[in-house]
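Reader: I am new to this structure and would like to know what stands behind the words used for it. Could you take me through it step by step?

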Amino acid sequence: MKIKNQIFDVTIIGAGVTGCFIAKELSKYKLRVLVVEKEPTVAMGPTKGCSGIIHAFQLPFGSLKGKLCLEGNKLMDEEAKELGFRFKRVGLLLICKSFLSSLVARIVKPYFSRYLEVRYLGEEEIKELEPNVEAKGGLLFPSGGVVNPVEMTFKAKLFAELNGVEFRFESKVVGIDVIDVVDASDIGNIGDVSEVGEVGGVTDSTDAMDTTMGTVMDTTDTRDTADENPYFEVTLESEEGEEKIISRYVINCAGLYADEIAAMVGDKIKIIPGKGSHVVFEDKDFSYHLIAVLPLMPERKTKGGGSLVTIDGNLIWGPNLVDVENKEDRSVKKEEVDALIKKHSKPFKKLPEKAVSVYAGVRAIAGKDFIINSPIKNFINVAGIQSPGLTAAPAIARLVVRILKESLEKKGLRLEKKEEKSLKLISSREQNVEPICHCRNVSSDEICRIISDGAGTLDDVKHLTGATMECGRCLPAVLQIMEEKGLPLRKDTCKSFIAWRD
Amino acid sequence: MSLKSIETEALVVGAGYSGVLLSSILAERGVDVLIAKSSLESEIEVFLRLEVLSSYYSEFIEEYRELLAQLRPRVLKTTILKTERENGEETERARWKVESPHYRITADEVFICTGCYDKRVFPCGVLGMRPAGTFSLQNALELISKGYRIGRRVLLFGERTKIFEIVEEMLKKLKYECEFVEGEYAEVLGRERVEGVVVEGEKFEREKFECDTLIYFCGRESFNPFRLEGVKAGNINAKTYDYEEVRRDVLRLKF
């Protein structure tokens, strides 16, 4: 076994938005980081199926998700700039349909003001902002925004990769064993510094020159037992068979499957899948904000969805919350569509013209709040990251770095920053290029570029360029480009081809 | 990169059957006409690579080829992004300013012959999962015409129209297992690949069909994503696979 290349400081399980943002943040330090993902590309689980909303807030403010949502929202401008993804603060508008409700809005406004910017708007002001909305009043939260969740995650992955993080796709974690590394000579074997030292490695804070112990070890730790300072042997399963890697830390960002991963180290979490369906309309300039009706009584489990806009300006209504048995059940039912349309029509005078598509995502719900904890030493759960997980992702990543830092400091180690490389950002769309996707004006060059950046499936190409998203006519042309670039013609799922040649 | 300026009496946007037919009529009348052909293939180009369809549409294909050959010098390979009256004037006398990635064209008249496309999943009542193996009729035809196989066992779902009959025949010749069902809603099953479709319709409440591929068709819509202005002609109005109708729409134009 090529064990030398199989030793990591941190292994992140799952390449959704949480895993990729943690990877991105950790890539700024001298660490050898691995991300393991069972699917062929990033953002394949809850990330892709979400609404793309950067929430202004999450109630209750005192909860972990409430705090991380506010922090993540504030960090989003900086992240968008650093990683080069599109982010628009379109604003959240909670509208009041009745006088009573507008009274409630005025009563609760000072409470919200303690945490974030909010304005009360009268009937006329709302008419000016949203001519198609009929309301007695409303609360405007200007910090609410939208992103393309796949683009956001993909850019975080590119940054992490550029800064040395390794990604293994189509590799499923099938076992995690705590191993005992008590003898310094063992460690000498596994962590050959001359190889891994270049990538980074945690170094002893008292003696940075002492590198003989390798990436993952230091002198003070050598007498620890597994209990005190466990190492993990993580078994990965891929098409090539099984392989084992060794990691000092494991971070569980496995989304819907975080319970299975936690169980591998004896921790009990229950992840309940909660499907959220959306209806996508072709209408543009239908409305300009994230719009929801201010509930007199907050809904128990969700924020209730709303009339949303995408980063490309399309209208989306949703999501709802439907309990499903199967974690992969992303099927949208006719009754759901009818219910969504009925519910979200309420604020509007004129209804949208053309529903063109529906999609669903499955939330990973683990009780009321996020679970970010360390059930056993050196193993960190980042689980139950349902809404507002997309918003919170940058804040979660920083929290995990802090947890890691503290854990290392207890061992007398220091997490050191390294010189980071910045992503080359393509500032604007190229001019004078013939489009192949006319609806979103995407050229074949753009598709080729995203493929050389690492797009691996049709879904990547679709979500990252917008091609095929609207009328769908350019699908054959896009598949042809993918084929010419040597990509398998696959959707997000692992094995099935969209089309093939005999 | 500098843009090339061109002046013409008539600009026809789209080099499918409608665009080519219209351009040849104009050229015959001595009008100075240019045709803009985008990188998207026209339907006729797709049909002529498909055995059963090329014989069904042979009349139109022959006509298209002949006319296109004659018009070759007048074809500009570029995508028209914008058409507007000069100085923003609404009057019919104002000339047109036309933009493409490589040209700035001034034209006395602009004809929009950008054709149409098949309605998408939701308007066709296709719901459920979104695994690999779900195609609009148009995409299925284009992929097959390019030499791809798109599945083994195909369910054709939607409105009973002539085109579906021809496609069914074609698919059978190409050794696909093939079945047609008329219905209002189709719920797709399967995670990675289509594993079946549950159809609801007038004739039956819910019935499950075993298949690995779904081709849906429930009518067509105008294809004009850049919202180009000008005189619309051909399949952009007719919205059909019936090329007699497309021809009639072009010929109804009076000059």
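Reader: What makes strand E1 and strand E2 of chain A a parallel pair?

Author: In this predicted model, four bridges join E1(A) to E2(A) (residues 33–36), and the two run parallel. Two strands count as paired if at least two bridges are found between them, so four bridges meet that mark. Within the pair, A:Ile13 stands opposite A:Val36 in E2(A). On the way from E1(A) to E2(A) the chain passes through helix H1 (residues 17–26) of chain A, and this β-α-β crossover is right-handed.

Reader: And which sense does the pairing of E1(A) with strand E13 of chain A have?

Author: That pairing is parallel, over six bridges, with E13(A) covering residues 241–252. Here A:Ile12 stands opposite A:Ile251 in E13(A).

Reader: Why is strand E1 of chain A said to be largely enclosed by the rest of the structure?

Author: Seven of the seven residues of E1(A), residues 7–13, are buried, so the strand is largely enclosed by the rest of the structure. The cut-off for a buried residue is 20 or more other C-beta atoms within 10 Å of its own.

Reader: Which residues have the most contacts inside the largest nonpolar core?

Author: They are A:Ile251 and A:Ile396, in a core of 218 residues. Helix H11 (residues 389–410) of chain A gives the largest share of this core, nine residues. Leaving aside neighbours within four places in sequence, A:Ile396 is in contact with A:Thr18, A:Phe21, A:Leu68, A:Ile372 and A:Val382.

Reader: How many strands form the open sheet with the order E3-E8-E4 in chain A?

Author: Three strands form that sheet, and their pairing is antiparallel. Strand E3 (53–54) and strand E4 (87–88) of chain A stand at the edges with a single partner strand each, so one side of each has no neighbour in the sheet.

Reader: How do you know that E4(A) and strand E8 of chain A are paired?

Author: Two bridges join E4(A) to E8(A) (residues 145–147), and they run antiparallel. At least two bridges are needed for a pair, so this one qualifies. In E8(A), A:Val146 is the bridge partner of A:Lys88.

Reader: How many helices and strands does chain A have?

Author: Chain A has 14 helices and 24 strands. Of its 502 residues, 51% count as buried. Among the contacts in chain A with a separation of 6 or more, 74% are between residues 24 or more positions apart.

Reader: What are the corresponding values for chain B?

Author: Chain B has eight helices and 17 strands. Buried residues make up 48% of its 255 residues. For contacts in chain B with a separation of 6 or more, residues 24 or more positions apart account for 65%. The C-alpha trace of chain B spans about 60 × 35 × 35 Å along its principal axes.

Reader: How many residues does each chain bring to the contact between them?

Author: Chain B brings 34 residues and chain A brings 37 residues. On the chain B side, strand E8 (126–128) and helix H5 (137–145) each supply at least two residues. H5(B) gives the largest share of that side, four residues. By class, the side of chain B that touches chain A has 18 nonpolar, nine polar and seven charged residues.

Reader: Which domains does the assignment give for chain B?

Author: The assignment gives domain 1 (4–117 + 220–251) and domain 2 (120–217). Their centres, taken over C-alpha atoms, are separated by 31 Å. Eleven residues of domain 1 of chain B are in contact with eleven residues of domain 2 of chain B. Helix H3 (residues 51–56) of chain B supplies the largest share of the domain 1 side, four residues. That side has seven nonpolar, no polar and four charged residues.

Reader: Why is B:Gly190 called buried?

Author: B:Gly190 has 22 other C-beta atoms within 10 Å. The cut-off is 20 or more, so B:Gly190 counts as buried.

Reader: Where is B:Gly190 placed, and what does it touch?

Author: B:Gly190 is in the loop between strand E12 (185–189) and strand E13 (196–200) of chain B. Not counting residues up to four places away in sequence, B:Gly190 touches B:Met129, B:Pro131, B:Glu195 and B:Gly196. The C-alpha atoms of B:Gly190 and B:Gly133 are separated by 9.9 Å, with the two residues 57 residues apart along the chain.

Methods. Residues numbered from 1 in each chain as written. Chains lettered and ligands numbered in written order. Predicted model: local features only at pLDDT ≥ 70, side-chain atom pairs only at ≥ 80, totals over all residues. Buried ≥ 20, exposed ≤ 12 C-beta atoms within 10 Å, placed from the backbone. Right-handed = clockwise from strand over helix to strand, strands pointing away. Core = buried A, V, L, I, M, F, W, Y, C linked by C-beta atoms within 7 Å. Contact = placed C-beta atoms within 7 Å. Nonpolar A, V, L, I, M, F, W, Y, C, P; charged D, E, K, R; others polar. Domains from an automatic or database assignment.
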